[in-house]
Every structure is written in C-alpha cells, then in structure tokens.
Amino acid sequence: MDINKIENIELKYLTVDDFAELKAATLESYAGVLNSYWKKHHIKDLTTMFPEGQVVIKVDGDIAGCALSLIVDYDTIDDEHTYEDIIGGESFKNHNANGDVLYGIDVFIKPEYRGLRLGRRLYDYRKEVCENLNLKSIVFGGRMPNYHKHKTLTPKEYIEKVKRKEIHDPVLNFQISNDFHPVRVLKNYLEGDTASNEYAVLMEWDNIYYTKPNKKASTVKTVVRLGLIQWQMRPYKGLNDLMQQVEYFIDSVAAYRSDFAVFPEFFNAPLMAKFNHMHEPDAIRELAKFTETIVEKLKQLSISYNINIISGSMPEVVDDKLYNVGYLCRRDGSFERYEKIHVTPDEAKVWGMQRGNKLQTFETDCGKIGILICYDSEFPELARLLADEGMDILFIPFLTDTQNGYSRVRLCAQARAVENECYVAISGSVGNLPNVNNMDIQYAQSAVFTPCDFSFPSNGIKAEATTNTEMILVADVDLSLLRELHSFGAVKNLKDRRKDFYDVIRIKNQK
C-alpha cells in the first residue's frame with residue numbers, strides 16, 4: 001500500500017453490514033485457512049452485547065483490520081484456560097458486562113496494509129476502552145508463530161530469547177513493544193495452531209487508572225496529551241536529513257501516546273543555508289519550494305504514527321506573494337492550512353512577507369483547537385474570536401531571537417490562557433544558524449499554560465522545557481476541568497464579559 005495514495009483512515013464500530021467484507025479480509029489475513037472467519041451470527045451477537053469492543057479500521061472506506069473483544073470476570077477464568085474456554089463455543093457465554101478485564105479474542109491487519117502502524121492504532125483504541133470502562137487490564141492469548149522453528153527450546157526459553165531480541169517473533173515483538181507483558185504460557189490454547197505448537201502466551205496490559213468499584217463508562221475523551229518539540233537549529237545536508245530529524249521527534253512523542261506533535265515556527269530554516277549567497281527575499285522564496293514536499297511527508301507521518309501534527313510554520317508562495325503558513329495534519333489523513341495574520345516588521349522589511357487573512361478553529365479528535373503563529377499571540381482579539389468558537393487548546397508555534405522577544409510571546413500566551421479559559425501550548429526553536437542571514441540566534445523555553453484557578457496550577461504553568469535546550473515536552477491537559485471552570489470558576493472571564501458595553505467582531509469577506 002502506497003501511503004501517498006491514502007486519503008482517509010478511520011476507526012469505526014463493526015456492524016453486521018460489514019460481514020461480507022470482514023469475512024474476505026479475515027481469510028486474506030489468515031492466508032485462506034478454512035473456518036478462520038467468524039460467522040454472521042457471531043458478529044451479530046458480539047455487536048449486540050458489546051458494540052464498543054468490536055471495531056474495524058478502514059482505509060479509504062475499505063476494511064484494513066479488525067479488533068474484537070469481550071469483557072470477562074477474570075476470577076472465574078481458569079489460569080490454564082484455552083481459547084475455546086474464553087469464547088464459550090457459539091454463545092460467548094463468558095462475556096460479562098460487569099466483569100473487570102477486557103479479553104481480546106481477535107485482531108488482524110490485512111497484509112497489504114501492514115507497516116502503516118494500524119495495529120498500534122487498534123491496540124491504542126483497546127487501551128482507551130479499558131480506561132474508559134475502568135477495567136483492570138487487557139489480556140489475550142498471544143500466538144508464537146515462529147516457535148515451530150525453535151522446538152528445541154521450551155516456551156519459556158523461547159519467550160526470553162524473543163524479549164532479548166535474539167529471536168524475532170512478529171506477534172510477541174509487536175505486543176511487547178505496545179507495553180504488554182507475558183504472564184504465563186498456555187498449553188493447548190488454540191487447536192490446530194501448529195506454528196505455535198498450540199502454545200500461547202497470556203499477555204497483559206495493566207490499566208494504571210483503574211479504581212474500585214467500577215465506574216460507568218465514559219465515551220468522551222477528556223485528557224489530551226501534548227507533545228511539544230523544542231527544536232534545535234543546526235546545519236543539514238539537505239531535506240532528507242532534516243526530515244529524518246523530524247520523524248525522530250514525531251516517533252519520540254508518539255511513543256508516549258501523545259495526541260499532538262507540535263513544531264516551532266520556521267523549523268525548516270536551516271535549509272536556507274545553501275541559498276545564503278542570495279538576497280534575503282530570494283533565499284526565503286527558495287526555502288518556500290520545500291514546503292509542499294514537507295507537508296506531504298508530515299501528512300504521511302501523522303497517519304503512520306497515529307498522531308495529529310502541527311507543522312509550526314513555513315514560507316509559502318501563493319499568487320507570487322510570500323506568506324507564513326502552517327498545516328494541521330490529522331491522524332485520520334485530513335489536513336487544513338492556517339496563516340500568520342500579523343507579520344513582524346522584520347518579516348515584512350527583510351523578506352517581503354505578506355499578512356494572512358485566515359483565522360478559524362479546527363475540529364480534532366481531541367476537541368476544538370486554535371493555532372496562532374508567534375506574533376499573532378500578542379493580539380488578544382484573535383484568541384478571543386477563537387474562544388468564542390469553542391476553542392479548548394491554543395497552540396502557538398514561535399521563533400524568537402532574544403529573551404525580550406520570547407518574553408513577549410510567553411507573557412501574552414499566559415494572558416490568553418487566563419482571559420479565554422483555555423490551555424495554551426507554545427513551542428519554539430533554540431540554537432543558532434551562523435550561515436543563514438536573518439536567522440542567526442534563537443531563544444526559547446517551550447511550555448504549557450493553564451487558567452489560574454483551584455483546579456489548575458496556581459501560577460498557571462502546567463509544564464516547562466529547559467531553556468535553550470533541544471528536547472521534547474510531554475504534558476497532559478484535562479478538558480473536563482475547563483468545563484467546570486466555565487461554570488464554577490472563582491471568576492468567569494468568558495461569561496462575565498460586558499457585551500452590552502464592548503465586543504470583538506470579525507470582519508466578513510476577508511480575502
């Protein structure tokens with residue numbers, strides 16, 4: 001599958017209407033093994049008794065993978081159980097809506113879609129279901145498909161060698177890399193599984209948020225994890241080297257299950273070094289020629305790493321005019337563009353940068369967000385307009401050369417968080433570029449700011465990076481706290497505005 005041709009990836013609940021396509025996908029995934037697919041009445045029963053436990057992942061409308069699961073009362077399950085014991089024959093009799101463990105009974109990705117990290121997306125979904133339903137853990141019997149090649153080893157010895165990377169087992173390696181740990185070996189687990197010699201490894205993922213007694217299920221994602229990339233400006237041989245560093249950081253924040261990866265303003269400026277012999281306006285227009293390629297790669301990475309990427313900003317030429325723009329690349333394959341509304345005097349004077357005219361909130365799987373590029377954060381009207389549209393998180397990619405400039409961005413960002421009762425995340429660049437005119441030095445301390453009320457840090461600072469050091473900053477923000485603040489805060493900045501006395505309005509037909 002060519003990732004460049006993918007337009008949409010979505011996770012959907014399985015329905016009976018999917019049966020025919022699911023059957024074909026299952027047979028393809030299990031190499032045509034007869035009776036490897038679920039019957040139609042199985043799908044009807046599963047989707048009726050536990051709909052949120054049965055999902056398919058679709059790529060451009062076609063089923064690419066599937067994950068099926070049950071809830072069980074684990075105390076009633078024998079430690080030495082088999083797969084048949086769990087599914088209960090034709091009836092799924094061991095499913096218990098009041099149980100305490102999510103038991104995976106099937107998961108696959110069609111061969112043509114492997115390598116896109118879709119399996120990790122299914123596993124992440126299961127983890128979210130486990131957390132939302134307040135279940136203790138996820139367990140399943142993991143196959144050992146390469147065990148038949150090492151029959152001189154005991155199952156325990158085989159597992160230890162796989163964990164030490166001495167033996168590659170595609171199933172166990174994948175599960176271990178997704179934070180599952182082996183609990184015990186199950187003998188005669190799946191009849192006919194000759195590749196595993198009918199052994200399986202009981203794998204488990206512990207829900208650290210589990211509390212007893214069980215809480216009701218929550219279907220709304222309230223805790224959002226932000227991954228800010230404090231990017232160091234350094235020379236690169238070319239675009240491939242720069243994108244290798246970009247992917248390294250995306251991989252790093254995605255490994256922590258971050259929902260967003262945020263880059264700074266003009267993070268691609270090092271590529272301008274090869275044009276340093278030109279006049280500054282010509283050099284940055286040469287830099288703008290890389291933007292389309294970079295955006296295409298970021299769109300691929302957002303899908304591949306299952307993370308929403310905020311590209312910071314890059315120069316872009318439209319109708320022969322130079323703009324400072326960025327892209328939101330969602331993990332479902334969609335993307336949108338944003339512009340810098342206020343360009344700095346330096347951008348206008350040195351580069352001939354034009355002011356943008358596009359301002360909007362963006363719908364994401366983590367609520368509504370807004371994005372303002374650097375200098376725009378110093379104009380409170382913009383953030384207020386976004387807040388009126390329901391913005392929960394404001395992202396500010398920035399680039400500042402001195403501590404003075406940084407302080408302006410930081411203090412204004414903190415003000416935006418208080419006055420708009422939202423979270424604000426700022427991400428900047430550090431280091432220097434001695435071979436790039438007008439981009440010599442950088443000063444930054446990336447951070448996440450909050451409102452100042454009892455449910456938040458008293459100083460309004462959720463997390464901070466180390467000043468002028470290349471690093472990532474990962475922080476969780478709870479959107480439910482904003483809902484409480486809007487109604488029950490010590491002060492209510494949004495509700496208490498005197499709209500009878502003043503207002504902030506948007507001028508229509510901005511183009």
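**Close-up 1. Helices α5 and α6 cross in a right-handed manner in this predicted model.** The handedness follows the convention that a crossing is right-handed if the near helix is turned clockwise from the far one by less than a right angle, and left-handed if anticlockwise. Helices (H or I, at least four residues) and strands (E, at least two) are DSSP runs, numbered from the N terminus. The axes of α5 and α6 are 10 Å apart and meet at an angle of about 60°, where axes are lines fitted to C-alpha atoms, for helices over the stretch in contact, and angles run from 0 to 180 degrees between N-to-C directions. The two helices α5 and α6 are therefore oblique to each other, given that angles under 35 degrees count as roughly parallel, over 145 as roughly antiparallel, 65 to 115 as roughly perpendicular and the rest as oblique. The contact between α5 and α6 is made by Tyr158, Ile159, Val162 and Lys163 of α5 together with Leu172, Asn173 and Ile176 of α6, contact meaning heavy atoms within 4.5 Å. Residues are numbered from 1 along each chain as its sequence is written. Local features of the predicted model need pLDDT of at least 70 and side-chain atom pairs count only at pLDDT 80 or more, whereas totals for chains, interfaces and linings use all residues, and side-chain values use heavy atoms, with hydrogens and water left out.

**Close-up 2. The buried residues of helix α5 (residues 155–163) are Pro155, Tyr158, Ile159 and Val162.** These residues cover an arc of only 95° around the axis, which puts them on the same side of α5; the arc is that of the directions from the helix axis to the C-beta atoms. Buried means under 20% relative accessible area, exposed over 50%, and partly exposed in between, for a 1.4 Å probe and protein chains only. An α-helix has 3.6 residues a turn, so residues three or four places apart point the same way. The cover over the buried residues of α5 includes α6 (170–177) and the strands β6 (181–186) and β7 (200–206).

**Close-up 3. In helix α6, Leu172, Asn173 and Gln175 are buried.** Seen down the axis of α6, its buried residues fall within an arc of 165°, so they line one face of the helix. They pack against α4 (118–132), β5 (137–142), α5 and β7. Asn173 of α6 has a relative accessible area of 11% and, not counting residues up to four places away in sequence, touches Val162, Lys165, Ile167 and His168. At the start of α6, a side-chain oxygen of Asp169 reaches to within 3.1 Å of the backbone nitrogen of Val171; a polar contact is a pair of N or O atoms within 3.5 Å in which, within protein, one must be able to donate a hydrogen and the other to accept it, and residues adjacent in sequence count only if both atoms are side-chain atoms.

**Close-up 4. Positive phi values occur at Lys165, Asn197 and Asp179.** Lys165, in the loop between α5 and α6, is a residue other than glycine with phi near 65°, and at 61% relative accessibility Lys165 counts as exposed. Asn197, in the loop between β6 and β7, has a positive phi of about 55° although it is not a glycine, and is partly exposed with a relative accessible area of 37%.

**Close-up 5. Helix α7 (residues 239–255) packs against helix α9 (residues 291–304) at an angle of about 30°, with their axes 11 Å apart.** That makes α7 roughly parallel to α9. Contributions to the contact come from Leu239, Met243, Val246, Glu247 and Ile250 of α7 and from Thr293, Ile294, Lys297, Leu298 and Leu301 of α9. The crossing of α7 past α9 is right-handed.

**Close-up 6. His486 lies in helix α13 (residues 479–488).** A polar atom of the His486 side chain lies 3.3 Å from the backbone oxygen of Glu421. Leaving aside its neighbours within four places in sequence, His486 is in contact with Glu421, Lys492, Leu494 and Lys495.

**Close-up 7. Lys40 is found in helix α2 (residues 40–49).** At 48% relative accessibility, Lys40 counts as partly exposed. Not counting residues up to four places away in sequence, Lys40 touches Val16 and Phe19.
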